[in-house]
Amino acid sequence: MADHFRALVIEERDGKPVSGFKDLTLSDLPDHDVLVEVLFSTLNYKDGLAISGKGRIARRLPMVAGVDLAGLVVSSRSPDWKPGDKVVVNGWGMSETEWGGYTRFQRLKPEWLTRLPDAFSLEQSMAIGTAGYTAALAIDALERWGKIKTDDREVLVTGAAGGVGSVAVALLARRGYRATASTGRPETHDYLATLGATAIVDRAELAVKGGALQKERWAGAIDSVGSTTLANVLAQTVQSGAVAACGLAGGADLPATVMPHILRGVALLGINSVTAPHAERDKAWAILAESLDRTLLAALTAVEPLSNLPQLAEDIVAGKIRGRVVIDLTR
């Protein structure tokens, strides 16, 4: 085990959060019960905000960034985990209030760990990451709502070329739904069709404020944009349909009315990937194992070294990242 290892750390300078690489030792890590050798992490929109400083994600500094990690247990004071166990950690405040995954080693609370499903390798689990796991949580929520059917009605995915959206489109298509993708990037249309999208909607159509009730179109939707886009999606959802909201790339506000909810019975289902209970996490991973095409997963994934994270963070916030990015901590 290395005496020193590299990590991406956010620190406060002149009253602002600034990220940079730093050498750490095991004694620098939090005093939690399970030591994990981190082999892979990933890049999410939230990571981009944290690293670039364009969003105040870290609420305690200094902070090792990274909301995801996958690796091997090195040592454990918990009877639930033993050396060599393959584990995945998504959320639980990592990169916000708890040190995260952009480091070669990390100490974690045992209740944060999820045993890696046999269906996936460690690298694949981070190709999925919080983004893909969130997409699966959203699909589970829509299906538990019970009124979303694999009929001729469309299920919309906003922010479709991003991490959540890409996996959502692929999962919906594989599960027999008509997945419609909303994106503002024409160059991603062929990519989205490859994932299974049957139609494309320009995101500009959903970004302009519309009426409280609009023409019914969507049987359901997965929205990672929020703001006016989410308001329009709700207004266009059919009687007894549902929208799973899991992001706010377009804003945290919701300029909407109660009309879709009380006149059409449209449900707004909030998706919280950070502290979701293990039963919901296990169901999400089961959906991924059952319905995520491994060839497609590889096609929508790029693998990058830790050293490229600063530029990748800028790119994802600027909307230049397509699909998923795995961060290889061994490189």
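Student: What covers the buried residues of helix 1?
Tutor: The cover includes strand 1 (5-13), strand 2 (16-24), strand 3 (34-42) and helix 10 (309-317). Contact means heavy atoms within 4.5 Å. Helices (H or I, at least four residues) and strands (E, at least two) are DSSP runs, numbered from the N terminus. This is a predicted model: local features need pLDDT of at least 70, side-chain atom pairs count only at pLDDT 80 or more, and totals for chains, interfaces and linings use all residues. Residues are numbered from 1 along each chain as its sequence is written, and side-chain values use heavy atoms, with hydrogens and water left out.

Student: Why is helix 1 called largely enclosed?
Tutor: Buried means under 20% relative accessible area, exposed over 50%, partly exposed in between (1.4 Å probe, protein chains only). Six of the eight residues of helix 1 (residues 45-52) are buried, so the rest of the structure largely encloses this helix. The buried ones are D47, G48, L49, A50, I51 and S52.

Student: What makes T103 buried?
Tutor: The relative accessible area of T103 is 0%. The cut-off is under 20%, so T103 is buried. T103 lies in the loop between strand 6 (86-90) and strand 7 (105-108). Leaving aside neighbours within four places in sequence, T103 is in contact with F5, R6, A7, L24, V38, V64 and L329.

Student: How do you know that strand 1 and strand 4 pair?
Tutor: Pairing needs at least two bridges found by DSSP. Two bridges join strand 1 to strand 4, running antiparallel. I10 stands opposite M63 in strand 4.
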